[in-house]
Amino acid sequence: MYFCIQMTIMYKAVIRSLLFKIDPETVHYFTFDFIKFFSKIPFIPSLMRFLFNVQHPALERELFGLKFKNPVGLAAGFDKNAVLYNELANFGFGFIEVGTVTPKAQDGNPKKRLFRLKDDQGLINRMGFNNAGLDAIIEQLKHNKKRLIIGGNIGKNTATSPEHYTEDYASCFKALHPYVDYFVLNVSCPNVGSHAKLTDKDYLEELISEMKRLNTAFDVQKPILLKIAPDLNPAQLDEIIELIQKTKIAGVIASNTSVSREGLKTSKQQLNAIGNGGLSGLPVKSKSTKVIQYLSKNSNKAFPIIGVGGIHSAEDALEKIDAGADLVQIYTGFVYEGPALIKRINKALIQRAKAI
């Protein structure tokens, strides 16, 4: 644990302070190039695994037919194009979700589209599903070194008309099926224009049913999860519970980014200058946890839940698990806290297991 503390202090004091002086999207790609370059040095990957990986029976999880070496994952949106998942595996993740993947490559929304809320330890993004497209991402996934479980987060192209939404999801599902271990239907992103149809319960049932039908065409069927927003009210969450139980898909990821701006320290003037987008990080921690708790309690723990939203410490992760999450994912916390966060969470889980 001493190593984790020292690494976090160094990351925040030196690395983060330098990186946060640069535009966040520029930093994102610079960091990718940096990790990619140093991972080619022969001893570096082994050193990273030695420093960050934690193995213990108490960390292992078995859910929807998959065996996770630990319950800490990287959320979708970080490695959109599946270009860094092999290198990121060295930081100790138990699973990584790539995407969101759309059938055709798209640039996403105009820049500037990613903003830091330093006072709130959050991010606002309106990336708009920018990605290299299905074919390019499959080419990257062909280089999978099988170090951890890979999820495929899929969505529709922004220009796709409502009557063809299902076709977009189907194209991604069929093509990615041999290359990912589970699927996530992303129907809750606030940054891709009109998505009212994707929140309609009847359409969601239709979409899920079609993905399940496509799944049966393969020798090995892959788990399908639904990613939901943190802004749903109890009646909408009841509909989600009913939908999951009716369609019998593998589970839920709770939650995506929020459109709410309530309770932020960041000034209204700065928020108005930023404009619309999905909020992530510490400001959504409580909202996400409440969604997990509601789903778990009111479904009688009928399906697995992956908890994501505002995990910046081991305590935050434990809070999600206590609320009913079976696995957790980080993204904004990874940016603010650095790679030692994964080890801190896993160490805390081991300590808890030993105390029982």
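Helices H11 and H13 sit oblique to each other. (Helices, H or I, are DSSP runs of at least four residues and strands, E, of at least two, numbered from the N terminus.) This is a predicted model, so local features need pLDDT of at least 70 and side-chain atom pairs count only at pLDDT 80 or more, while totals for chains, interfaces and linings use all residues. Residues are numbered from 1 along each chain as its sequence is written, and side-chain values use heavy atoms, with hydrogens and water left out.

**Helix pairs**

- Two packed helices are described by the angle between their axes and the distance between the axes.
- For H11 (residues 314–323) and H13 (residues 340–355), the axes cross at roughly 55° and come within 8 Å. Here, axes are lines fitted to C-alpha atoms, for helices over the stretch in contact, and angles run from 0 to 180 degrees between N-to-C directions.
- Why "oblique"? Angles under 35 degrees count as roughly parallel, over 145 as roughly antiparallel, 65 to 115 as roughly perpendicular, and the rest as oblique.
- H11 passes H13 in a right-handed crossing. A crossing is right-handed if the near helix is turned clockwise from the far one by less than a right angle, and left-handed if anticlockwise.
- On the H11 side, the contact uses Ala314, Ala317, Leu318, Ile321 and Asp322, and H13 brings Leu341, Arg344, Ile345, Ala348, Leu349 and Arg352. Contact means heavy atoms within 4.5 Å.
- That H11–H13 set splits into eight nonpolar, no polar and three charged residues. Ala, Val, Leu, Ile, Met, Phe, Trp, Tyr, Cys and Pro count as nonpolar, Asp, Glu, Lys and Arg as charged, and the others, Gly among them, as polar.
- H7 (residues 201–215) and H8 (residues 234–247) pack at about 25°, with their axes 11 Å apart, and are therefore roughly parallel.
- H7 passes H8 in a right-handed crossing.
- Lys201, Leu204, Glu205, Ile208 and Lys212 in H7 meet Glu239, Glu242, Leu243, Lys246 and Thr247 in H8. The tally for the H7–H8 contact is three nonpolar, one polar and six charged.

**Buried residues**

- Asn130 lies in the loop between strand E6 (122–125) and helix H5 (134–141). Asn130 is buried, at a relative accessible area of 6%. Buried means under 20% relative accessible area, exposed over 50%, and partly exposed in between (1.4 Å probe, protein chains only).
- The side chains of Asn130 and Lys80 are joined by a polar contact of 3.4 Å. A polar contact is a pair of N or O atoms within 3.5 Å; within protein, one must be able to donate a hydrogen and the other to accept it, and residues adjacent in sequence count only if both atoms are side-chain atoms.
- Not counting residues up to four places away in sequence, Asn130 touches Tyr29, Lys80, Gln106, Asp107, Gly108 and Arg113.
- Ile274 is in helix H9 (residues 268–274) and counts as buried at 6% relative accessibility.
- With residues up to four places away in sequence left out, Ile274 touches Phe115, Leu117, Ile124 and Arg126. The C-alpha atoms of Ile274 and Asn125 are separated by 9.4 Å, although the two residues are 149 residues apart along the chain.
- Thr289 is found in helix H10 and is buried, with a relative accessible area of 10%.
- Leaving aside neighbours within four places in sequence, Thr289 is in contact with Glu319, Lys320 and Ala323. From Thr289 to Ala175 it's 34 Å, C-alpha to C-alpha, and 114 residues in sequence.

- Most residues other than glycine have a negative phi, and most peptide bonds are trans.
- The peptide bond from Ala254 to Ser255 is cis, with omega near 15°. Ser255 lies in the loop between strand E10 (251–254) and H9, and is buried at 4% relative accessible area.
- Ser255 touches Lys227, Ile228, Ala229, Pro230, Ser288 and Val308, not counting residues up to four places away in sequence.
- Another cis peptide bond joins Lys111 and Lys112, with omega about 5°. Lys112 is in the loop between strand E4 (95–101) and strand E5 (114–117).
- Gln121, not a glycine, has a positive phi of about 55°. Gln121 is in the loop between E5 and E6 and is partly exposed at 27% relative accessibility.
- Lys301 also has a positive phi, near 55°. Lys301 is in the loop between helix H10 (285–298) and strand E12 (305–308), and is partly exposed at 37% relative accessible area.
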